Each structure stands twice: as C-alpha cells, then as structure tokens.
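I opened this entry to keep track of what I looked up, residue by residue, and of the cut-offs behind each term.

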Amino acid sequence: MATPNEALCGPSSAAGNVGFTWTFIGTATARDYPILLKAPYAFRITETVSKCASGTSTATLKIDGTSLGGSAHSVSSTEEVIARSSSNTVGRDTDLIVTFTAGAVDPQITIRGQRL
C-alpha cells in the first residue's frame, strides 16, 4: 500500500520549492507504481532520494513514461541522493511514476524541486 508521508507542498515564499515523500508499505514487486497523477502545477525535479527498511531494488523514476535524466536509484537501507539536471520537468497534468524491481521492503522515494 502506497501512502504519502508529506503532501505535495506549495511554493515557499522565497524560492518556489516543492517536495514530497512517497512510501510503499510492503515488499516491492517488479512493476510501475504511481507517485503523482495529473500534477497540479509544473515543477522541475532537482533531487531524488531513496531508502528502504531492508532488501534491495532498483527504482527508475518516469515522467509520463520517460525516464528522469541521470541514473536509476539503487534502493537499500542506505539512503541514496541523486541530483537531477536533465529530463526532469514535470508538466501540469502529467504523471510521475516509479518502476521498481522486486526486493525492497518499505521503499521510500523523496522528490525535491522547484515550481515553474
């Protein structure tokens, strides 16, 4: 069962920052998991973070089916941070999904960025 830890945050008063965490409760199987359907506004993803309780998995983030620029996450109990600088714009009304390989228990993905 996937649950958001934080709601999709609106812009801060100064920088237009956005951020949210997606958590899957249970063991990930090899498939797509929706993170955000029909984004309420456009934003650029600048950083993604992954971690899980145990096990390992690979996580590929996709915007409307196109992989986010940079590498896929190696999800494990060690937090991994990846800076994103290409193919990283989420348009209004587009979908953000994560494709997992099987194995990670209680995986989490944090998305950080800037509202456009």
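My notes below go from the ground rules to one serine, its neighbour, the core and the charged pairs.

**Ground rules.** I am working with a predicted model, in which local features need pLDDT of at least 70 and side-chain atom pairs count only at pLDDT 80 or more, while totals for chains, interfaces and linings use all residues. Residues are numbered from 1 along each chain as its sequence is written, and side-chain values use heavy atoms, with hydrogens and water left out.

**Ser 74.** I located Ser 74 in strand E7, residues 73–75, where strands are DSSP runs of at least two residues, numbered from the N terminus. Its relative accessible area is 46%, so I noted Ser 74 as partly exposed (buried is under 20%, exposed over 50%, partly exposed in between, with a 1.4 Å probe and protein chains only). Beyond its neighbours within four places in sequence, Ser 74 is in contact with Ser 50, Ser 57 and Glu 80, contact meaning heavy atoms within 4.5 Å. I also looked up Thr 58, 16 residues away along the chain, and found its C-alpha atom separated from that of Ser 74 by 4.8 Å.

**Ser 50.** This residue lies in strand E4 and is buried, with a relative accessible area of 1%. Its side chain makes a polar contact of 2.9 Å with the side chain of His 73 (a pair of N or O atoms within 3.5 Å, where within protein one must be able to donate a hydrogen and the other to accept it, and residues adjacent in sequence count only if both atoms are side-chain atoms).

**Core.** Which residues touch the most other members of the largest nonpolar core? I found Phe 43, Val 98 and Phe 100, out of 25 residues; such a core is a set of buried Ala, Val, Leu, Ile, Met, Phe, Trp, Tyr and Cys residues joined through side-chain atoms within 4.5 Å. Strand E2 gives the most to this core, with four residues. The contacts of Phe 100 include Trp 22, Tyr 33 and Ile 109.

**Charged pairs.** My search of the whole structure returned two salt bridges, each a side-chain nitrogen of Lys or Arg within 4 Å of a carboxyl oxygen of Asp or Glu. Glu 47 pairs with Arg 112, the closest N and O atoms being 2.5 Å apart, and this links strand E4 to strand E11 across 65 residues. The other joins Arg 92 and Asp 93 at 3.9 Å, N to O; Arg 92 counts as exposed at 58% relative accessibility, whereas Asp 93 counts as partly exposed at 41%.
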